[in-house]
Amino acid sequence: MKIEGRKARWLIAFGFHLLNMLGRTLRYQIDDRAGIVGQPVRQNYIGALWHNRLLIFPLVLRRFFSNRHGAALISASRDGDLLSDAIHRFDYDVVRGSSSKLGASGLLQLSEVLAAGRDVVITPDGPRGPAYELGPGLIFLAQKTGAPVLPINMEYSSCWRVKSWDRFIIPRPFSKVRVIIGRPERIRSTSSDDEFESERLRLQDVMMSLVERR
């Protein structure tokens, strides 16, 4: 069913307030292995988290990274239209595209965000999966810009799982959220398909090492 116009705007506004209400009940614990929370911005990053952890990430940005600004890569799908408007409400910019098929336009826009000293955020298995499989777009972007990848994960003491391709996670009210910020990863340049695949798998393994509950 296509949702647009006034109905879409109402749905976005309702979802925005509902998410804020949920966020106020959650108890946060930060595991900052990168040592960047509360620090001056000295380096911009490509933040990477799995798609099924995406829901409350805007709240995490606002709570722990209010001094950092940037853009999120959101799919060019109809659902992405709604998500894009919602993310703008959290004062974060949006670049439209797919992490699995990051085209020249999306790559250029993200590169310009990084060149301006701001961060970008990507769900490397989005928008359609497979779950926990890192798409090549993130590797291309990191190699092109030289920006380090910052692996991010969130674990919940209690949650619901949606019957979707990635078993999307919705934390239950009053649950504990552990925000894990991994150490920055520099992506090496590659000269062959095998080397590229090796680097892709290496980063995928790094991100999976932060995941406790799949």
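This is a predicted model: local features need pLDDT of at least 70, side-chain atom pairs count only at pLDDT 80 or more; totals for chains, interfaces and linings use all residues.
The strands belong to an open sheet of seven, arranged in the order β1-β9-β6-β2-β5-β3-β4 with mixed pairing. The edge positions are taken by β1 (27-32) and β4 (93-96); each has a single partner strand, so one side of each is left without a neighbour in the sheet. On average, neighbouring strands of the sheet are turned by 25° against each other, direction ignored. Within the sheet, β2 (residues 46-48) and β6 (residues 149-156) run parallel and are joined by three bridges. A48 is placed opposite P151 of β6.

The largest nonpolar core comprises 31 residues. Within this core, the residues with the most contacts are Y28, I56, F57, V60, M154, V177 and V179. Two or more residues are contributed by each of α1 (5-25), α2, β3 (70-74), β6 and β9. Of the elements, α2 gives the most, with five residues. When neighbours within four places in sequence are set aside, V60 is in contact with Y28, F65, M154 and V179. Three of these partners, Y28, M154 and V179, are also listed among the core residues with the most contacts.

Another core, of 27 residues, lies apart from the largest one. Its members include I46, L73, L107 and L138.

Key: Residues are numbered from 1 along each chain as its sequence is written. Side-chain values use heavy atoms; hydrogens and water are left out. Two strands pair if DSSP finds at least two bridges between them. Helices (H or I, at least four residues) and strands (E, at least two) are DSSP runs, numbered from the N terminus. Axes are lines fitted to C-alpha atoms, for helices over the stretch in contact, and angles run from 0 to 180 degrees between N-to-C directions. A nonpolar core is a set of buried Ala, Val, Leu, Ile, Met, Phe, Trp, Tyr and Cys residues joined through side-chain atoms within 4.5 Å. Buried means under 20% relative accessible area, exposed over 50%, partly exposed in between (1.4 Å probe, protein chains only). Contact means heavy atoms within 4.5 Å.
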